[in-house]
2 protein chains.
Amino acid sequence: MKNAVVLLSGGLDSATVLAMARAQGYDCYALSVDYGQRHHSELEAADRVAKMLGAKEHRVVNIDLTGFGGSALTDNNIAVPQQPGEGIPTTYVPARNTIMLSLALAWAEVLQSQDIFIGVNAVDYSGYPDCRPAFIEAFERMANLATKAAVEGSTLTVHAPLLHLSKAEIVQLGTALGVDYAQTVSCYQADEQGRACGVCDSCRLRRAGFAAAGIVDPTPYRSA
Amino acid sequence: MKNAVVLLSGGLDSATVLAMARAQGYDCYALSVDYGQRHHSELEAADRVAKMLGAKEHRVVNIDLTGFGGSALTDNNIAVPQQPGEGIPTTYVPARNTIMLSLALAWAEVLQSQDIFIGVNAVDYSGYPDCRPAFIEAFERMANLATKAAVEGSTLTVHAPLLHLSKAEIVQLGTALGVDYAQTVSCYQADEQGRACGVCDSCRLRRAGFAAAGIVDPTPYRSA
(Lines give C-alpha, C1' and ligand atoms only; values in the text may rest on other atoms or scores of the structure.)
Protein backbone atom coordinates (compact mmCIF):
# COMPACT_ATOMS: atom_id res chain seq x y z
CA MET A 1 0.00 0.00 0.00
CA LYS A 2 1.25 3.46 -0.81
CA ASN A 3 0.76 6.39 1.56
CA ALA A 4 -0.92 9.57 0.43
CA VAL A 5 -1.60 12.84 2.22
CA VAL A 6 -5.10 14.08 1.45
CA LEU A 7 -6.07 17.66 2.26
CA LEU A 8 -9.50 17.41 3.82
CA SER A 9 -11.56 20.50 4.51
CA GLY A 10 -14.76 18.70 5.39
CA GLY A 11 -16.50 19.99 2.27
CA LEU A 12 -17.93 18.18 -0.72
CA ASP A 13 -14.86 18.33 -2.97
CA SER A 14 -12.22 17.07 -0.57
CA ALA A 15 -14.49 14.27 0.65
CA THR A 16 -14.82 13.12 -2.95
CA VAL A 17 -11.05 13.26 -3.39
CA LEU A 18 -10.49 11.16 -0.27
CA ALA A 19 -12.90 8.55 -1.63
CA MET A 20 -11.04 8.58 -4.97
CA ALA A 21 -7.64 8.16 -3.32
CA ARG A 22 -8.97 5.28 -1.23
CA ALA A 23 -10.47 3.66 -4.36
CA GLN A 24 -7.02 3.90 -5.97
CA GLY A 25 -5.62 1.85 -3.09
CA TYR A 26 -3.81 4.51 -1.12
CA ASP A 27 -3.40 4.47 2.64
CA CYS A 28 -4.73 7.96 3.28
CA TYR A 29 -3.44 10.44 5.86
CA ALA A 30 -6.05 13.18 6.02
CA LEU A 31 -4.85 16.67 6.88
CA SER A 32 -7.11 19.52 7.92
CA VAL A 33 -6.02 23.01 8.81
CA ASP A 34 -7.67 25.06 11.52
CA TYR A 35 -6.73 28.52 10.30
CA GLY A 36 -9.39 30.34 12.28
CA GLN A 37 -12.01 29.94 9.58
CA ARG A 38 -15.45 31.35 10.24
CA HIS A 39 -17.08 28.06 9.26
CA HIS A 40 -15.49 26.05 12.02
CA SER A 41 -18.03 23.24 11.78
CA GLU A 42 -16.29 22.11 8.58
CA LEU A 43 -13.51 20.76 10.81
CA GLU A 44 -15.98 18.55 12.65
CA ALA A 45 -17.26 17.45 9.27
CA ALA A 46 -13.67 16.62 8.25
CA ASP A 47 -13.38 14.34 11.25
CA ARG A 48 -16.61 12.52 10.37
CA VAL A 49 -15.59 12.22 6.72
CA ALA A 50 -12.12 10.89 7.56
CA LYS A 51 -13.68 8.13 9.68
CA MET A 52 -16.45 7.39 7.17
CA LEU A 53 -14.02 6.99 4.29
CA GLY A 54 -11.41 4.99 6.18
CA ALA A 55 -8.52 7.41 6.46
CA LYS A 56 -5.59 5.82 8.25
CA GLU A 57 -5.18 8.95 10.35
CA HIS A 58 -6.70 12.42 10.53
CA ARG A 59 -4.70 15.33 11.78
CA VAL A 60 -5.72 18.94 12.33
CA VAL A 61 -2.90 21.50 12.24
CA ASN A 62 -3.58 24.82 13.96
CA ILE A 63 -2.30 27.96 12.34
CA ASP A 64 -4.03 31.19 13.10
CA LEU A 65 -4.44 33.25 9.94
CA THR A 66 -6.91 35.66 11.55
CA GLY A 67 -3.92 37.80 12.58
CA PHE A 68 -3.18 38.41 8.92
CA GLY A 69 -6.86 38.79 8.04
CA GLY A 70 -7.62 40.01 4.52
CA SER A 71 -10.54 37.62 3.94
CA ALA A 72 -14.21 37.31 4.82
CA LEU A 73 -13.37 33.85 6.19
CA THR A 74 -10.74 35.06 8.65
CA ASP A 75 -11.93 38.57 9.50
CA ASN A 76 -15.37 38.95 11.06
CA ASN A 77 -15.48 42.58 9.92
CA ILE A 78 -15.68 41.45 6.27
CA ALA A 79 -19.09 40.01 5.41
CA VAL A 80 -19.55 36.80 3.40
CA PRO A 81 -21.12 37.87 0.07
CA GLN A 82 -24.71 36.71 -0.38
CA GLN A 83 -24.71 37.26 -4.16
CA PRO A 84 -22.18 36.38 -6.85
CA GLY A 85 -20.11 39.48 -7.68
CA GLU A 86 -17.35 40.54 -10.05
CA GLY A 87 -13.81 39.18 -9.83
CA ILE A 88 -12.26 37.14 -7.04
CA PRO A 89 -14.63 37.20 -4.04
CA THR A 90 -13.73 38.43 -0.55
CA THR A 91 -13.88 34.84 0.68
CA TYR A 92 -10.47 34.33 -0.94
CA VAL A 93 -7.93 33.66 1.87
CA PRO A 94 -4.43 34.96 1.09
CA ALA A 95 -2.08 32.09 0.19
CA ARG A 96 -4.37 29.50 1.78
CA ASN A 97 -3.75 26.64 -0.63
CA THR A 98 -0.01 27.41 -0.71
CA ILE A 99 0.12 27.13 3.08
CA MET A 100 -2.00 23.95 3.17
CA LEU A 101 0.00 22.26 0.43
CA SER A 102 3.23 23.23 2.23
CA LEU A 103 2.01 21.49 5.37
CA ALA A 104 0.95 18.48 3.31
CA LEU A 105 4.44 18.47 1.79
CA ALA A 106 6.03 18.35 5.23
CA TRP A 107 3.87 15.46 6.37
CA ALA A 108 4.30 13.61 3.07
CA GLU A 109 8.07 13.78 3.45
CA VAL A 110 7.96 12.36 6.98
CA LEU A 111 5.57 9.59 5.84
CA GLN A 112 7.81 8.86 2.84
CA SER A 113 4.80 9.52 0.66
CA GLN A 114 5.11 10.68 -2.93
CA ASP A 115 1.48 11.66 -3.31
CA ILE A 116 -0.59 14.61 -2.15
CA PHE A 117 -4.26 14.93 -3.04
CA ILE A 118 -6.16 18.22 -3.09
CA GLY A 119 -9.76 18.91 -4.08
CA VAL A 120 -9.31 22.09 -6.08
CA ASN A 121 -11.60 22.65 -9.01
CA ALA A 122 -11.40 25.20 -11.81
CA VAL A 123 -14.83 24.70 -13.42
CA ASP A 124 -17.63 25.37 -10.92
CA TYR A 125 -15.52 27.44 -8.57
CA SER A 126 -15.18 30.92 -7.10
CA GLY A 127 -12.24 32.01 -9.23
CA TYR A 128 -9.64 31.61 -6.51
CA PRO A 129 -6.19 31.90 -8.10
CA ASP A 130 -4.78 29.00 -6.07
CA CYS A 131 -7.30 26.60 -7.58
CA ARG A 132 -5.99 26.96 -11.13
CA PRO A 133 -4.04 24.23 -12.97
CA ALA A 134 -1.01 26.50 -13.48
CA PHE A 135 -0.76 27.05 -9.73
CA ILE A 136 -0.91 23.34 -8.94
CA GLU A 137 1.76 22.60 -11.55
CA ALA A 138 4.01 25.35 -10.20
CA PHE A 139 3.59 24.10 -6.63
CA GLU A 140 4.49 20.57 -7.67
CA ARG A 141 7.58 21.80 -9.50
CA MET A 142 8.67 23.85 -6.47
CA ALA A 143 7.99 20.93 -4.10
CA ASN A 144 10.29 18.73 -6.14
CA LEU A 145 13.13 21.14 -5.40
CA ALA A 146 12.24 21.75 -1.74
CA THR A 147 12.83 18.53 0.12
CA LYS A 148 15.50 16.08 1.15
CA ALA A 149 13.30 13.36 -0.33
CA ALA A 150 13.43 15.11 -3.72
CA VAL A 151 17.22 15.42 -3.58
CA GLU A 152 17.36 11.71 -2.82
CA GLY A 153 15.37 10.91 -5.96
CA SER A 154 11.77 10.72 -4.76
CA THR A 155 9.27 12.48 -7.03
CA LEU A 156 6.21 14.10 -5.52
CA THR A 157 2.93 14.28 -7.41
CA VAL A 158 0.20 16.73 -6.48
CA HIS A 159 -3.03 15.07 -7.56
CA ALA A 160 -5.94 17.38 -8.24
CA PRO A 161 -8.41 14.94 -9.77
CA LEU A 162 -11.38 17.34 -9.68
CA LEU A 163 -9.61 20.13 -11.53
CA HIS A 164 -11.55 19.81 -14.76
CA LEU A 165 -14.81 18.30 -13.51
CA SER A 166 -18.10 20.13 -13.12
CA LYS A 167 -19.71 20.15 -9.68
CA ALA A 168 -22.38 17.79 -11.05
CA GLU A 169 -19.71 15.34 -12.21
CA ILE A 170 -18.03 15.53 -8.82
CA VAL A 171 -21.30 14.73 -7.04
CA GLN A 172 -22.00 11.82 -9.38
CA LEU A 173 -18.51 10.43 -8.96
CA GLY A 174 -18.57 10.69 -5.16
CA THR A 175 -22.04 9.18 -4.96
CA ALA A 176 -20.86 6.22 -7.04
CA LEU A 177 -17.96 5.83 -4.59
CA GLY A 178 -20.34 5.81 -1.63
CA VAL A 179 -19.71 9.27 -0.21
CA ASP A 180 -22.52 10.37 2.12
CA TYR A 181 -22.59 14.08 1.37
CA ALA A 182 -24.91 14.71 4.32
CA GLN A 183 -21.75 14.38 6.44
CA THR A 184 -19.95 17.20 4.60
CA VAL A 185 -20.16 20.94 5.19
CA SER A 186 -19.44 23.39 2.36
CA CYS A 187 -21.17 26.55 3.60
CA TYR A 188 -18.94 29.50 4.50
CA GLN A 189 -21.22 30.42 7.36
CA ALA A 190 -22.53 27.08 8.53
CA ASP A 191 -23.93 27.18 12.05
CA GLU A 192 -22.66 25.06 14.93
CA GLN A 193 -24.84 22.14 13.87
CA GLY A 194 -23.30 22.34 10.39
CA ARG A 195 -26.50 23.68 8.80
CA ALA A 196 -25.89 25.66 5.64
CA CYS A 197 -27.06 29.18 4.79
CA GLY A 198 -28.01 28.22 1.25
CA VAL A 199 -27.03 31.56 -0.26
CA CYS A 200 -23.24 31.99 -0.10
CA ASP A 201 -21.09 31.20 -3.12
CA SER A 202 -20.14 27.82 -1.76
CA CYS A 203 -23.79 26.85 -1.09
CA ARG A 204 -24.83 28.17 -4.50
CA LEU A 205 -22.26 26.01 -6.34
CA ARG A 206 -23.10 22.97 -4.23
CA ARG A 207 -26.87 23.30 -4.71
CA ALA A 208 -26.51 23.77 -8.45
CA GLY A 209 -24.23 20.71 -8.59
CA PHE A 210 -26.78 18.38 -7.00
CA ALA A 211 -29.54 19.80 -9.19
CA ALA A 212 -27.52 19.34 -12.39
CA ALA A 213 -26.47 15.84 -11.30
CA GLY A 214 -30.08 14.83 -10.71
CA ILE A 215 -29.21 13.68 -7.20
CA VAL A 216 -31.21 14.66 -4.13
CA ASP A 217 -29.29 17.30 -2.14
CA PRO A 218 -28.94 15.97 1.43
CA THR A 219 -27.56 19.25 2.79
CA PRO A 220 -29.35 20.57 5.88
CA TYR A 221 -30.21 24.17 5.01
CA ARG A 222 -31.27 26.40 7.87
CA SER A 223 -33.13 28.73 5.52
CA ALA A 224 -35.04 25.94 3.81
CA MET B 1 8.20 53.75 1.55
CA LYS B 2 7.61 50.23 0.29
CA ASN B 3 6.59 47.40 2.60
CA ALA B 4 8.60 44.21 2.78
CA VAL B 5 8.07 41.01 4.75
CA VAL B 6 11.36 39.78 6.19
CA LEU B 7 11.64 36.23 7.54
CA LEU B 8 13.53 36.58 10.79
CA SER B 9 14.78 33.52 12.66
CA GLY B 10 16.89 35.41 15.16
CA GLY B 11 20.10 34.02 13.67
CA LEU B 12 23.03 35.74 12.00
CA ASP B 13 21.83 35.48 8.40
CA SER B 14 18.30 36.78 8.78
CA ALA B 15 19.47 39.67 10.99
CA THR B 16 21.83 40.69 8.19
CA VAL B 17 19.03 40.49 5.67
CA LEU B 18 16.77 42.68 7.82
CA ALA B 19 19.56 45.28 8.00
CA MET B 20 19.97 45.11 4.22
CA ALA B 21 16.25 45.55 3.56
CA ARG B 22 16.15 48.52 5.94
CA ALA B 23 19.21 50.04 4.22
CA GLN B 24 17.33 49.72 0.91
CA GLY B 25 14.55 51.84 2.37
CA TYR B 26 11.89 49.22 3.01
CA ASP B 27 9.40 49.40 5.83
CA CYS B 28 10.05 45.95 7.25
CA TYR B 29 7.50 43.55 8.70
CA ALA B 30 9.49 40.84 10.43
CA LEU B 31 7.98 37.37 10.56
CA SER B 32 9.19 34.58 12.82
CA VAL B 33 7.74 31.12 13.04
CA ASP B 34 7.49 29.19 16.28
CA TYR B 35 7.39 25.67 14.87
CA GLY B 36 8.40 23.95 18.08
CA GLN B 37 12.12 24.28 17.39
CA ARG B 38 14.51 22.93 19.97
CA HIS B 39 16.45 26.21 20.00
CA HIS B 40 13.57 28.31 21.25
CA SER B 41 15.81 31.13 22.42
CA GLU B 42 16.26 32.13 18.78
CA LEU B 43 12.73 33.52 18.94
CA GLU B 44 13.67 35.82 21.79
CA ALA B 45 16.69 36.82 19.72
CA ALA B 46 14.37 37.57 16.80
CA ASP B 47 12.42 39.94 18.98
CA ARG B 48 15.57 41.79 20.07
CA VAL B 49 16.87 41.95 16.50
CA ALA B 50 13.57 43.26 15.13
CA LYS B 51 13.63 46.11 17.66
CA MET B 52 17.35 46.79 17.19
CA LEU B 53 17.05 47.07 13.43
CA GLY B 54 13.86 49.10 13.38
CA ALA B 55 11.32 46.64 12.01
CA LYS B 56 7.90 48.27 11.72
CA GLU B 57 6.32 45.21 13.31
CA HIS B 58 7.41 41.76 14.45
CA ARG B 59 5.03 38.87 14.42
CA VAL B 60 5.50 35.29 15.58
CA VAL B 61 3.23 32.71 13.98
CA ASN B 62 2.75 29.47 15.88
CA ILE B 63 2.61 26.27 13.92
CA ASP B 64 3.53 23.08 15.67
CA LEU B 65 5.68 20.91 13.41
CA THR B 66 6.73 18.59 16.24
CA GLY B 67 3.68 16.45 15.44
CA PHE B 68 5.19 15.68 12.03
CA GLY B 69 8.72 15.33 13.46
CA GLY B 70 11.35 14.00 11.09
CA SER B 71 14.08 16.39 12.22
CA ALA B 72 16.58 16.78 15.04
CA LEU B 73 15.13 20.27 15.55
CA THR B 74 11.55 19.12 16.06
CA ASP B 75 11.97 15.65 17.58
CA ASN B 76 13.86 15.36 20.85
CA ASN B 77 14.57 11.71 20.10
CA ILE B 78 16.87 12.71 17.22
CA ALA B 79 20.18 14.14 18.45
CA VAL B 80 21.75 17.27 16.96
CA PRO B 81 24.95 16.11 15.20
CA GLN B 82 28.16 17.28 16.87
CA GLN B 83 30.33 16.61 13.83
CA PRO B 84 29.83 17.38 10.14
CA GLY B 85 28.61 14.23 8.37
CA GLU B 86 27.71 13.06 4.87
CA GLY B 87 24.72 14.39 2.95
CA ILE B 88 21.86 16.51 4.26
CA PRO B 89 22.05 16.57 8.08
CA THR B 90 19.27 15.46 10.43
CA THR B 91 18.73 19.10 11.39
CA TYR B 92 16.89 19.51 8.08
CA VAL B 93 13.21 20.25 8.87
CA PRO B 94 10.80 18.89 6.25
CA ALA B 95 9.43 21.70 4.07
CA ARG B 96 10.39 24.38 6.59
CA ASN B 97 11.31 27.13 4.16
CA THR B 98 8.32 26.32 1.97
CA ILE B 99 6.02 26.73 4.98
CA MET B 100 7.73 29.93 6.15
CA LEU B 101 7.70 31.50 2.69
CA SER B 102 4.02 30.57 2.34
CA LEU B 103 3.21 32.42 5.54
CA ALA B 104 5.30 35.37 4.37
CA LEU B 105 3.35 35.30 1.11
CA ALA B 106 0.05 35.52 2.99
CA TRP B 107 1.19 38.47 5.07
CA ALA B 108 2.76 40.20 2.06
CA GLU B 109 -0.53 40.00 0.20
CA VAL B 110 -2.47 41.54 3.07
CA LEU B 111 0.17 44.29 3.44
CA GLN B 112 0.08 44.90 -0.33
CA SER B 113 3.80 44.19 -0.35
CA GLN B 114 5.60 42.91 -3.40
CA ASP B 115 8.78 41.96 -1.57
CA ILE B 116 9.75 39.06 0.67
CA PHE B 117 13.28 38.76 2.08
CA ILE B 118 14.81 35.48 3.26
CA GLY B 119 18.30 34.81 4.56
CA VAL B 120 19.06 31.55 2.78
CA ASN B 121 22.62 30.91 1.74
CA ALA B 122 24.05 28.26 -0.56
CA VAL B 123 27.78 28.73 0.07
CA ASP B 124 28.61 28.18 3.77
CA TYR B 125 25.51 26.17 4.55
CA SER B 126 24.35 22.75 5.67
CA GLY B 127 23.17 21.55 2.27
CA TYR B 128 19.47 22.02 2.97
CA PRO B 129 17.58 21.64 -0.33
CA ASP B 130 15.28 24.58 0.43
CA CYS B 131 18.26 26.97 0.56
CA ARG B 132 19.22 26.47 -3.08
CA PRO B 133 18.73 29.10 -5.81
CA ALA B 134 16.54 26.79 -7.89
CA PHE B 135 14.14 26.36 -4.96
CA ILE B 136 13.86 30.10 -4.37
CA GLU B 137 13.19 30.72 -8.06
CA ALA B 138 10.55 27.99 -8.16
CA PHE B 139 8.85 29.38 -5.06
CA GLU B 140 8.74 32.86 -6.55
CA ARG B 141 7.27 31.53 -9.78
CA MET B 142 4.60 29.58 -7.87
CA ALA B 143 3.83 32.58 -5.67
CA ASN B 144 3.16 34.68 -8.73
CA LEU B 145 0.38 32.26 -9.68
CA ALA B 146 -1.02 31.81 -6.17
CA THR B 147 -2.52 35.09 -5.11
CA LYS B 148 -5.28 37.54 -5.90
CA ALA B 149 -2.58 40.22 -5.93
CA ALA B 150 -0.75 38.36 -8.71
CA VAL B 151 -3.94 38.01 -10.77
CA GLU B 152 -4.45 41.75 -10.38
CA GLY B 153 -1.00 42.46 -11.80
CA SER B 154 1.24 42.74 -8.75
CA THR B 155 4.57 40.91 -9.09
CA LEU B 156 6.17 39.38 -6.04
CA THR B 157 9.94 39.16 -5.67
CA VAL B 158 11.60 36.79 -3.24
CA HIS B 159 14.88 38.45 -2.30
CA ALA B 160 17.63 36.13 -1.10
CA PRO B 161 20.55 38.56 -0.99
CA LEU B 162 22.89 36.19 0.88
CA LEU B 163 22.48 33.32 -1.56
CA HIS B 164 25.95 33.55 -3.08
CA LEU B 165 27.89 35.14 -0.22
CA SER B 166 30.33 33.35 2.06
CA LYS B 167 29.65 33.48 5.80
CA ALA B 168 32.64 35.82 6.16
CA GLU B 169 31.17 38.20 3.58
CA ILE B 170 27.82 38.11 5.37
CA VAL B 171 29.46 38.99 8.70
CA GLN B 172 31.43 41.83 7.10
CA LEU B 173 28.35 43.20 5.36
CA GLY B 174 26.21 43.08 8.49
CA THR B 175 28.92 44.63 10.62
CA ALA B 176 29.19 47.50 8.13
CA LEU B 177 25.42 47.94 8.43
CA GLY B 178 25.63 48.10 12.22
CA VAL B 179 24.26 44.68 13.14
CA ASP B 180 25.18 43.71 16.70
CA TYR B 181 25.63 39.96 16.26
CA ALA B 182 25.80 39.47 20.03
CA GLN B 183 22.02 39.83 19.91
CA THR B 184 21.58 36.94 17.48
CA VAL B 185 21.38 33.20 18.22
CA SER B 186 22.40 30.64 15.57
CA CYS B 187 23.07 27.57 17.71
CA TYR B 188 20.70 24.61 17.25
CA GLN B 189 20.90 23.82 20.94
CA ALA B 190 21.33 27.23 22.54
CA ASP B 191 20.41 27.27 26.21
CA GLU B 192 17.73 29.48 27.75
CA GLN B 193 20.17 32.38 28.02
CA GLY B 194 20.92 32.03 24.32
CA ARG B 195 24.42 30.68 24.92
CA ALA B 196 25.76 28.57 22.07
CA CYS B 197 27.14 25.02 22.17
CA GLY B 198 29.99 25.88 19.82
CA VAL B 199 30.02 22.48 18.14
CA CYS B 200 26.84 22.01 16.10
CA ASP B 201 26.84 22.66 12.35
CA SER B 202 25.33 26.08 12.79
CA CYS B 203 27.92 27.10 15.41
CA ARG B 204 30.73 25.70 13.28
CA LEU B 205 29.72 27.75 10.22
CA ARG B 206 29.23 30.88 12.31
CA ARG B 207 32.56 30.58 14.14
CA ALA B 208 34.45 29.98 10.89
CA GLY B 209 32.70 32.99 9.35
CA PHE B 210 33.87 35.41 12.04
CA ALA B 211 37.37 33.95 11.91
CA ALA B 212 37.60 34.28 8.12
CA ALA B 213 36.14 37.79 8.27
CA GLY B 214 38.76 38.87 10.81
CA ILE B 215 36.01 40.13 13.10
CA VAL B 216 35.83 39.29 16.81
CA ASP B 217 33.09 36.70 17.41
CA PRO B 218 30.75 38.15 20.07
CA THR B 219 28.82 34.90 20.48
CA PRO B 220 28.46 33.72 24.09
CA TYR B 221 29.64 30.08 24.02
CA ARG B 222 28.82 27.96 27.03
CA SER B 223 31.69 25.55 26.28
CA ALA B 224 34.29 28.29 25.87
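**View 1. The open sheet of chain A has five strands, in the order S3-S2-S1-S4-S5, with parallel pairing.** The edge strands are S3 and S5 (157-159) of chain A, each of which pairs on one side only. Two strands are taken to pair if DSSP finds at least two bridges between them; strands (E, at least two residues) and helices (H or I, at least four) are DSSP runs, numbered from the N terminus. From one strand to the next the twist averages 25°. This is a predicted model, in which local features need pLDDT of at least 70 and side-chain atom pairs count only at pLDDT 80 or more, while totals for chains, interfaces and linings use all residues. Residues are numbered from 1 along each chain as its sequence is written, and chains are lettered from A and ligands numbered from 1 in the order in which they are written.

**View 2. Strands S1 (residues 2-7) and S2 (residues 26-34) of chain A run parallel and are joined by six bridges.** A:Val6 stands opposite A:Ala30 in S2(A). Helix H1 (residues 12-23) of chain A packs on the sheet and touches S1, S2 and strand S4 (115-117) of chain A. The direction of H1 makes about 160° with that of S2(A). Such angles run from 0 to 180 degrees between N-to-C directions, and axes are lines fitted to C-alpha atoms, for helices over the stretch in contact.

**View 3. In chain B, helix H1 (residues 12-23) packs against helix H6 (residues 167-176) at an angle of about 45°, with the axes 9 Å apart.** H1(B) and H6(B) are therefore oblique to each other (angles under 35 degrees count as roughly parallel, over 145 as roughly antiparallel, 65 to 115 as roughly perpendicular and the rest as oblique). B:Leu12, B:Asp13, B:Ala15, B:Thr16 and B:Ala19 of H1(B) make the contact with B:Ile170, B:Leu173 and B:Gly174 of H6(B). Residues are in contact if their C-beta atoms, placed from the backbone, lie within 7 Å.

**View 4. Between the chains, 36 residues of chain A are in contact with 36 residues of chain B.**

Definitions and conventions: Two residues are in contact if their C-beta atoms, placed from the backbone, lie within 7 Å.
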